[in-house]
Amino acid sequence: QSLLAGLEASLALIEREGEAAVLARHRRLAAAVHAAVARWSEAGALSFFGQVPASRSVSVTTIAVAPGVDPEAMRTVARERFEVAIAGGLGPLAGRAFRIGHLGDINAAMVLGALAGVEAALAVQRIPFGHGGVEQAIASLAAD
């Protein structure tokens, strides 16, 4: 019953916001994350797992890491020092990627905070990344 109650509450939130608005919000937030990852990728240690932009999801972005980069250590720093939880790679991508989710009851401020936490963790771990990812995400959101 609790699962059905949760489903009912979720559907009520979607109905209140409007399905078109929910889908637009997810596209807008995904575009912001994609803008940040594009900037981070400029240093060569990180890249989109989905190489073709049209193939990228509006629910989660998977970031591949170069050999020698430990995404699990970076995730630990993000979680423990900056209170940002990001997911690891699944299956054959375990230890080779991390994921940033941008689906559900989230907003721009939450996404920007998560991106800042990831950037901070990348810096602490000395993982090369193109600086200014959060700024790119802000620019993406401000363009709407």
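In what order do the four strands of the open sheet lie, and is the pairing parallel or antiparallel? The views below take up that sheet and then the side chains and loops of this predicted model.

**View 1. Four strands build an open sheet.** The strand order is E1-E2-E4-E3, with antiparallel pairing. Strands E1 (46–48) and E3 (87–88) sit at the edges. Each of these edge strands pairs on one side only. In general, the strands of a sheet are joined through backbone hydrogen bonds, in a parallel or antiparallel sense.

View 2. E4 covers residues 97–101. Two bridges link E3 and E4, and the sense is antiparallel. Gly 88 has Phe 98 of E4 as its bridge partner.

View 3. Glu 72 is partly exposed, because its relative accessibility is 30%. Arg 75 has a relative accessibility of 17%, so it counts as buried.

**View 4. Arg 25 and Glu 17 form a salt bridge.** Here the closest N and O atoms are 2.8 Å apart. Arg 25 is buried, because its relative accessible area is 11%, under the 20% cut-off. Glu 17 is partly exposed, at 36% relative accessible area.

**View 5. The side chains of Arg 39 and Glu 42 meet in a salt bridge.** The N to O distance is 3.4 Å. Arg 39 is partly exposed, with a relative accessible area of 24%. Glu 42 has a relative accessible area of 59%, over the 50% cut-off, and so counts as exposed. The count of salt bridges in the model is three.

**View 6. Leu 4 belongs to a nonpolar patch on the surface.** The patch consists of Leu 4, Leu 7, Leu 11 and Ile 14. Together these residues have about 380 Å² of accessible area. Leu 4 is part of helix H1, which runs over residues 2–17. Leu 4 is exposed, because its relative accessible area is 61%.

**View 7. Glu 83 has a positive phi in the loop between H3 and E3.** The value is near 55°. Glu 83 is a residue other than glycine. Its relative accessibility is 74%, so Glu 83 counts as exposed.

**View 8. Arg 126 has a positive phi in the loop between helices H4 and H5.** H4 covers residues 108–124, and H5 covers residues 133–142. Phi of Arg 126 is near 55°. Arg 126, too, is a residue other than glycine. Arg 126 is exposed, because its relative accessible area is 75%.

Terms used:
Residues numbered from 1 in each chain as written. Predicted model: local features only at pLDDT ≥ 70, side-chain atom pairs only at ≥ 80, totals over all residues. Heavy atoms only, no water. Patch = residues over 30% accessible without salt bridge, like charges linked within 9 Å, V, L, I, M, F, W, Y side chains within 5 Å. Areas by Shrake-Rupley, 256 points an atom, 1.4 Å probe, with all protein chains shown as cover. Salt bridge = Lys/Arg side-chain N within 4 Å of Asp/Glu carboxyl O. Buried < 20%, exposed > 50% of the residue type's maximum accessible area, 1.4 Å probe, protein only. Pairing = 2+ DSSP bridges.
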